Amino acid sequence: MPHLFPKTNIKFIEARWVCITISIIIIVAGIVSMAIRGMNWSIDFTGGLDVQVRFDKPVSDGQVRDALTGAGVDEVKTISGLGAREEMSIRMKSSENSNQVVQQIRSKLEAAFPGNPVEVRNVQVVGPKVGRELRGQALLSAIVAMVLLLVYISWRFEFKFAVGGVVGLFHDTMLTLAFLSFFGYEFSLSVLAAILTLIGYSLNDTIVVYDRIRENLKKLRSVNLASIMDLSINETLSRTVITSFTVFLTVLVLFIWGGPVLRGFSFTMLIGVITGTYSSIYVSAPIVLEWAEKTAIKGKKR
């Protein structure tokens, strides 16, 4: 791999408290935002109705929304294209009397677009019970993933490295949720998939830094841990920047041209790539440092 930054000597660890403070402020602001505005759960988690329609001629999601809103069809959450401008997905909170609601949507669209026949291609109903079960399974999946990662990193490194890694992943998840709340993105199954993906991405970045720290700990026994961490992060900096930048560009293309269906997924991944790279340097490694220093102080007191 080419070295973009040969022989850098950036003091990353010195800035750890400034970065951790910024993270805490954003996370607290995100929690306040979620408490005030509530999470924008999709019908995957709350239950609802997904009606997929096809027009003969292209239409925009804004035209469809205006047609339904002006015609009095309430509780429409999202309207998005399905790859072609003739096909739309209309997602609603209500799942009661689905046949009646579908007929209402169809008649309103036919009235709004008289020269553009509309066909209902598919109707999916998600009950509130299924939505609650999905929400519970999503939370359980995240907790199980964290516990398994704690065990894996403890086995491969030491317990303090595992705690640093898991706290970093928790930090990434909370920061991503905060930005989803700030920008009002809907929390759907695709967003959940993106969060689980970014957990894996962030862990991979953290493991690379941890590996180099472990190697340097064996080679440089007389050097203090903070200096070893700075050296290790500088040595892996080229790899980190190249990997993160290429992933970021790929996700950015999805965000710009992927369409509304992939917008939530790609936005989550964009934030996740940044926070995953940032946390491996300014969250996971500093936690290991603080743990090691406090353990050393306790050892001297004894």
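This is a predicted model: local features need pLDDT of at least 70, side-chain atom pairs count only at pLDDT 80 or more; totals for chains, interfaces and linings use all residues.

1. A salt bridge joins Glu-235 and Arg-212, whose closest N and O atoms are 3.2 Å apart. This pair links distant parts of the chain, since Glu-235 belongs to helix α8 (residues 225-235) and Arg-212 to helix α7, 23 residues apart. Glu-235 has a relative accessibility of 32% and therefore counts as partly exposed. Arg-212, at 27% relative accessibility, likewise counts as partly exposed.

2. Is Asp-211 buried or partly exposed? Buried means under 20% relative accessible area, and Asp-211 stands at 19%, so this residue counts as buried. Arg-214, with a relative accessible area of 28%, is partly exposed.

3. The pair Glu-158 and Lys-160 also forms a salt bridge, with 2.5 Å between the closest N and O atoms. Glu-158 is partly exposed because its relative accessibility is 40%. Lys-160 has a relative accessibility of 19% and so counts as buried. A search of the whole structure finds eleven salt bridges.

4. The second largest pocket deserves a separate point. Its space amounts to about 420 Å³. The elements that each give two or more residues to its lining are α5 (128-156), α6 (159-182) and α7 (189-219). How many residues line this pocket? The lining has 18 residues, and those nearest the centre of the pocket are Ala-138, Leu-139, Ala-142, Thr-173 and Leu-177. Helix α5 gives the most to the lining, namely seven residues. By class, the lining comprises 15 nonpolar, two polar and one charged residues.

5. The overall architecture may be stated briefly. The protein has ten helices and four strands. Read from the N terminus, its elements follow the order α-α-β-α-β-β-α-β-α-α-α-α-α-α. Among contacts with a separation of 6 or more, 78% are between residues 24 or more positions apart.

6. The last point concerns the surface. Of the 302 residues of the protein, 44% count as buried. The protein exposes about 15900 Å², and carbon and sulfur atoms supply 62% of this area.

Conventions. Residues are numbered from 1 along each chain as its sequence is written. Side-chain values use heavy atoms; hydrogens and water are left out. On a 1 Å grid over the protein atoms alone, a cavity is a set of points where a 1.4 Å probe fits but cannot get out, and a pocket is an open set with protein on both sides within 12 Å along at least five of seven lines; lining residues have an atom within 4 Å of a point. Grid points are joined across faces, edges and corners, and a volume is the space filled by probe spheres set on the points. Ala, Val, Leu, Ile, Met, Phe, Trp, Tyr, Cys and Pro count as nonpolar, Asp, Glu, Lys and Arg as charged, and the others, Gly among them, as polar. Buried means under 20% relative accessible area, exposed over 50%, partly exposed in between (1.4 Å probe, protein chains only). Contact means heavy atoms within 4.5 Å. Accessible areas come from the Shrake-Rupley method with a 1.4 Å probe; for residues, only the protein chains shown count as cover. A salt bridge is a side-chain nitrogen of Lys or Arg within 4 Å of a carboxyl oxygen of Asp or Glu.
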